[in-house]
Each structure stands twice: as structure tokens, then as C-alpha cells.
Amino acid sequence: MNFPIFPEQASTIARSVDQIYFALTTVSSLMVLLIFLTIVYFCFKYRRGKPADRSPARLPQMTIEVTWIVIPLLLFMGLFAWGANVYFVQQRPPPGALELNVIGKQWMWKVQHPEGNREINELHVPRGRIVKLTMASQDVIHSFYLPSFRTKMDVVPGRYTTEWFQATKIGTYHLFCAEYCGTKHSGMVGHVIVMDPADYQTWLAQGSPGSTLAQAGEKRFRELGCSGCHMGSSIVRAPPLEGLYGKPVPLQNGQIVVADEGYIRDSILLPNAQITAGYDAVMPSFQGHITEEELLEIITYIKSLGSKPPEQGVGSRAMEPR
Ligand code: CUA
């Protein structure tokens, strides 16, 4: 009979997460046993009518107190350091990741691949590659949970959260929404399909979306009129976007922020919240005029500008008269 109690260990961190889980359970069980066995023993030893010695005990107080403070302290601080270490690994995607976008909405998961492929309630990934998910919610809080990869992250409206994994085994694994998000929450499930890297390339080619995600983003960028101010010789002076992603941006109020996905998102939706030093607050908000999917496309486009030199990039094309 196939009745697995634990999901498969199918990612690089699965083993270390399980080790902590079992270590914590073991230490907690031992502590509970120690305390309860002592209680039971004393219950019998000092029962009413038992001729036990009840005179005050003369023990080396200092030694005992130091022992029972220091040993558990070391033990539990050790567990804390161990857990924190794994947590930090889990929170920080290593460089060179394959960057995918995920949009949660009642009640489905939408995935965007950089090559332009899109899927719903399925996530195809190559084995052995680090995959970083940038996640947004279109409505309420969801949570992207991959039990076999031992990773889970809330997907929150109004901001981006990230999650990363490196799948180690080819196969199909469960994907769950792990945050109660409405009547069909339990149906907000799907599959992660881990493929051989060559098969993944074949799968991408078969999907043949026609344009990459960055190209789709560029199209939106022009349709929404962003290029009018942000590219080439525009009348309105706006901060250039080439090479912006990942760089520190000095703001008018003296602060310096890093231009990550969240910053670019805020700059599109709440343009007056963080004004780049040396520029006027003239950009209109696109709140309500743009979907989460379009936002992620435009952000992917702006990220793709990082590698292009400003002169030969899209900037030169924007020199054409509008
Ligand atoms: Cu989405 Cu529960």
C-alpha cells in the first residue's frame, strides 16, 4: 500500500528542512518525557501516607541553577542558530536564477516564463536550475506552497514576494494555495512539473508564444505612453530606465533605495511616493489602468534593459518622431 506520510524530498533544501523538523520534534519529545516521567515518579514517591523523607533538601543550589540554565540555553540557542541559518538560505535566492513570475487570483495560479510562455495551475521547470519566483496577488492573500520542495511563501496584494527552489528530481509534484482565500480556496491547486533541461527547452519551443515576456512588456510600455517620457529625446524629462534594475537610486528626500521589482512597481502605481532626485513629480499614477500581469511584463522589460548599452538599446528607437 502506498501511503506516504511525508512528501518526497525533491529540492536542494528539502533535506535540511526535514532535519530541523525531526531534530525539533525529538528534542521537544525528550523534554516532555523528562518532565512527565519526573512528575509521575514524584506522584508515587511523595503520595500521602508514603514514608518518604520530606525534610528540606540541602543541595548545591548554585551548581544546580547554573546547570539547568546553561544546558537548555545552549541547546535551544543552537536550535535557533540552526533554524535561522536554513531560513536565511531559503529567503535569499542565489544569483543566476531562472526568473519566473507568478500571479495568484481567486482561484488560480498564473505563471509567466521569460520566453513568453504562460500557463495556469502548472509550473514547468528544468531540473537542477535555480528558479526564482516573483509573486503578486490580484485580489486577496494567497500562499504558494510546494510541499515536495519544502517551500512556501505568502502572495500578498499590493507588493511582490519571492520564493526560490532548485528541483533535484524529475517528476510531477503538488502545488497548493496554503492561505484561506475564499470559497474555492481548496480548488486553488496545481502541479509543478520538473523536466530534464533539454525537455524543458523543447516544451518552451512547443509553446511558441511569438514574443518574449520582455517584448510583451515593451509593447505595453509603448501603449501606455511610458516611452514618451522615459525614452530618447522626450520633452518631459524623466529618469532613464536603462541599467536601472538593481541599482541604488537617490531620492529627492535624500534617501537611497535599490531599484528592485517592488520599487519599479511602486514607481508605476504610486509615482509621487518616491521621487528620483533631480526630477519633478509629473508622472501620473497607473493604478487601476494596469493589471498585475501587465505590471510584471513591464518590469521584466525594464529588467531586460539592464544589459543593453543606452545608445543601441530601445532608447534609440524612441528617437523616432511620435
Ligand atoms: Cu488562494 Cu487559498
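How many nonpolar, polar and charged residues does the lining of the largest pocket have, by class? Keep that one in mind, everyone, and I'll come back to it.

A word on the model before we start. This is a predicted model, where local features need pLDDT of at least 70, side-chain atom pairs count only at pLDDT 80 or more, and totals for chains, interfaces and linings use all residues. Residues are numbered from 1 along each chain as its sequence is written, and side-chain values use heavy atoms, with hydrogens and water left out.

Now to the pockets. A pocket here is found on a 1 Å grid over the protein atoms alone: it is an open set of points where a 1.4 Å probe fits, with protein on both sides within 12 Å along at least five of seven lines, and lining residues have an atom within 4 Å of a point. The volume is the space filled by probe spheres set on the points, which are joined across faces, edges and corners. The largest pocket comes to about 650 Å³. Of its 35 lining residues, His230, Ala238, Pro239, Leu241 and Met283 are the closest to the centre.

So, the answer: 27 nonpolar, six polar and two charged residues. For this count, Ala, Val, Leu, Ile, Met, Phe, Trp, Tyr, Cys and Pro are nonpolar, Asp, Glu, Lys and Arg are charged, and the others, Gly among them, are polar. Helix 6 (261-269) provides the largest share of this lining, four residues. Helices and strands, by the way, are DSSP runs numbered from the N terminus (H or I, at least four residues, for a helix; E, at least two, for a strand).

The second largest pocket has a volume of about 280 Å³. Its lining has 13 residues, and Glu99, Pro114, Thr300, Lys303 and Ser304 lie nearest the centre. By class, that lining has five nonpolar, six polar and two charged residues.

Next, the inside. Buried means under 20% relative accessible area, exposed over 50%, and partly exposed in between, with a 1.4 Å probe and protein chains only. A nonpolar core is a set of buried Ala, Val, Leu, Ile, Met, Phe, Trp, Tyr and Cys residues joined through side-chain atoms within 4.5 Å. The largest one has 29 residues, and Leu123, Leu133, Phe144 and Phe149 have the most contacts inside it. Strand 10 gives the most to this core, four residues. Take Leu123: beyond its neighbours within four places in sequence, its contacts (heavy atoms within 4.5 Å) include Leu100, Phe144 and Ile193. There is also a second, separate core of 25 residues, with Cys226 and Tyr263 among them.

Let's zoom in on strand 6. Four of its five residues are buried, so strand 6 is largely enclosed by the rest of the structure. Two strands pair if DSSP finds at least two bridges between them. Strand 6 pairs with strand 7 in the antiparallel sense over five bridges, and Ser143 stands opposite Asp154. With strand 9, strand 6 pairs in the antiparallel sense over two bridges, and there Tyr145 stands opposite Phe176.

Strands 6 and 7 form a hairpin with four residues between them, and Arg150 in the turn has a positive phi of about 55°. At 11% relative accessibility, Arg150 counts as buried.

Why point out a positive phi? Most residues other than glycine have a negative phi, and most peptide bonds are trans. Asn121 also has a positive phi, about 60°, and the peptide bond from Gln106 to Trp107 is cis, with omega near 0°.
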